[in-house]
Amino acid sequence: MSEKYIVYCLDQPDSENLRAAAFNDHMQHLESVADQIYFAAALKDQAGNPTGSLMIVDAKSCADAKQFVQDDPFYLAGVWKELHAHHLGNAVGSWLQPATH
């Protein structure tokens, strides 16, 4: 049974060229695994420059969530310097469907 994991990755310093070179492959990869992604977005600084990525993914374990990201072209190209994965507990928010009891 899969559960939700939040994964965030922080970019290497000065990785803009690596990110740009791998962008199309990254997007194709995300499309190919979209059924496992609950949410994905770039993290940006105040000037709008990418600084990392945030994803909520379906995985069987934290190790599987990390592997999911390690298969991403951004990871393989060395864009990300840090990778963090955490099990996501109960959540609320206007973008979530109401809980059923």
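Guide: Two strands count as paired if DSSP finds at least two bridges between them. Keep in mind that this model is predicted.

Visitor: What makes strand 2 and strand 3 a pair?

Guide: Seven bridges join strand 2 (residues 37-44) to strand 3, and the cut-off is at least two. They therefore pair, and they run antiparallel. Within this pairing, Ala-40 stands opposite Met-55 in strand 3.

Visitor: What do strand 2 and strand 3 form, and how many residues lie between them?

Guide: They form a hairpin, with five residues between the strands. Gly-48 sits in the turn and has a positive phi of about 90°.

Visitor: How do you know that strand 1 pairs with strand 3?

Guide: Count the bridges again. Strand 1 (residues 3-11) and strand 3 (residues 50-59) share eight bridges in the antiparallel sense. The requirement is at least two, so they pair. Here Glu-3 stands opposite Ala-59 in strand 3.

Visitor: Which pattern do the elements follow along the sequence?

Guide: The order is β-α-β-β-α-α-β. That comes to three helices and four strands.

Visitor: How many of the 101 residues are buried, as a percentage?

Guide: Buried residues make up 29% of the chain. Each has under 20% relative accessible area.

Methods
Residues are numbered from 1 along each chain as its sequence is written. This is a predicted model: local features need pLDDT of at least 70, side-chain atom pairs count only at pLDDT 80 or more; totals for chains, interfaces and linings use all residues. Side-chain values use heavy atoms; hydrogens and water are left out. Buried means under 20% relative accessible area, exposed over 50%, partly exposed in between (1.4 Å probe, protein chains only).
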